[in-house]
Amino acid sequence: MKVPKYIRACECKKTDRPPVWMMRQAGRYLPEYRKCRHSISFKEMMKTPELACKVTLQPIDRFGMDAAILFSDILVTADCLGASFDFIEKQGPIFDDPIRTLADVAKLTCENVPEALSYVTQTISLLKPELKERQTPLIGFAGAPFTVASYMIEGGPSQHLKKSKSMMTQAPEIIDALIKKLTHVTIDYLNAQINAGVDALQLFDTWAGLLDPAFYEKYSYHPITEIISNLNNPTNIPVTVFSKQSAAHLSKLIQTGATVISLDWQCDLKEMKTRIPSSIAIQGNLDPHWLYAPEQTLIRHVEKQVAIMSDRPGYIFNLGHGIMPDVDPEKVKCVVDTIKNC
Ligand code: CP3
């Protein structure tokens, strides 16, 4: 098989146009997703390999994205450790017993991570032949320890991460133990995904941008670096790191060992192009709100973004965060078609 555009771009090799895929490309904005999701919870859906495989392929078949991302969630690592939570409609993930003490952390255990998360590796096995037929690479992923820990400590989505940040100063031994546990689980989990045949990996550290430099180094940079350096990655599949407010911690992000840095929409691509070494690929960073713009406005903006990056091999078009559930799928098609015509 020819090396796919997405992989070539991750390796900073020239491509005839930038590859394109979008975070949250499988999801509620797609009528075919809502139809599958109608009679089943999100958690059950991602734990049923046939269904997870089916919805992973939906955006590929509808839009012809250049990469598929495994349909799952970053919180499966919390789930395999025995933390009990549910995805509540219009609220997000809500944990029954948020982490408050060292004893809470001690209770979290998983004897065999690949076995506990075998529904994910089974989904990967189902996807491989389907994606081979479509000549589309598969991106596996995990939540970075800090972002997963923040949900487990806050108990749900939180704007300022007050509880997690307070724990860092008041009782660091608790969050340190939690991050350590999650780091080990994430290494085992990503190695299981590599063994099952994913073509690339992405780590989501969505909320790390909220940390000050010292806590960023301790709770985001160190765990991510440990994860990347402990991957059993004989064919050197690319590893992307995503975080919001990525510019704030860019110099450390560059040192993580990531193959690709996935930028949020707040940073200026022109500036990032000069600050990120040419050996590291860049992914991003259209503000997902552009998907509400009139079609012609959207097309002009996407063309401008592509033009900025046209002199830099190693650019992957993506959003600066996930697609919102009320976006018109035609706008997603418009972006993909615009890139394909570039
Ligand atoms: O990108 C993809 O298409 C792959 C699948 C994917 C999902 N979540 C599916 C999902 C990925 C990569 C994620 C990552 C994820 N999950 C992150 C990191 C990236 C980001 O978006 O910040 C985070 C923080 C989560 C945690 C999470 N999961 C939240 C906050 C929510 C609720 C918000 C929402 O949109 O309802 C989820 C649920 C979730 N994860 C859905 C999907 C498609 C919605 C499920 C549904 O109700 O059908």
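Visitor: How many aromatic pairs does a search of the whole structure find?

Guide: Rings of Phe, Tyr and Trp (its six-membered ring) pair if their centres lie within 6.5 Å; planes under 30 degrees apart count as stacked, over 60 as edge-to-face and the rest as tilted. Searching the whole structure gives 8 such pairs. One of them joins Phe42 and Phe71, edge-to-face, with 5.5 Å from centre to centre and 90° between the planes. Please keep in mind that this is a predicted model, where local features need pLDDT of at least 70 and side-chain atom pairs count only at pLDDT 80 or more, while totals for chains, interfaces and linings use all residues. Residues are numbered from 1 along each chain as its sequence is written, and side-chain values use heavy atoms, leaving out hydrogens and water.

Visitor: Which parts does the pair of Phe42 and Phe71 tie together?

Guide: Helices (H or I, at least four residues) and strands (E, at least two) are DSSP runs, numbered from the N terminus. Phe42 belongs to helix H3 (residues 42-46) and Phe71 to the loop between strand E1 (68-69) and helix H5 (76-80), so the pair links parts 29 residues apart in sequence.

Visitor: Is Phe42 buried or exposed?

Guide: Buried means under 20% relative accessible area, exposed over 50%, and partly exposed in between (1.4 Å probe, protein chains only). Phe42 has 13% relative accessibility, so it counts as buried. Phe71, at 8%, counts as buried too.

Visitor: What is the geometry of the rings of Phe204 and Phe242?

Guide: Their centres are 6.0 Å apart and their planes stand at 65°, so this pair is edge-to-face. Phe204 lies in strand E5 (residues 200-204) and Phe242 in strand E6 (residues 239-242), so the pair ties together parts 38 residues apart in sequence. Both Phe204 and Phe242 are buried.

Visitor: How many bridges join E5 to E6?

Guide: Two strands pair if DSSP finds at least two bridges between them. Here 4 bridges join E5 to E6, and the two run parallel. Leu201 has Val239 in E6 as its bridge partner, and Phe204 stands opposite Phe242.

Visitor: In what order do the strands form the sheet?

Guide: The open sheet has 7 strands, in the order E1-E4-E5-E6-E7-E8-E9, with parallel pairing. At its edges are E1 and strand E9 (315-319), each pairing on one side only.

Visitor: Which residues of E5 point one way and which the other?

Guide: Ala200, Gln202 and Phe204 point one way, Leu201 and Leu203 the other, and all are buried.
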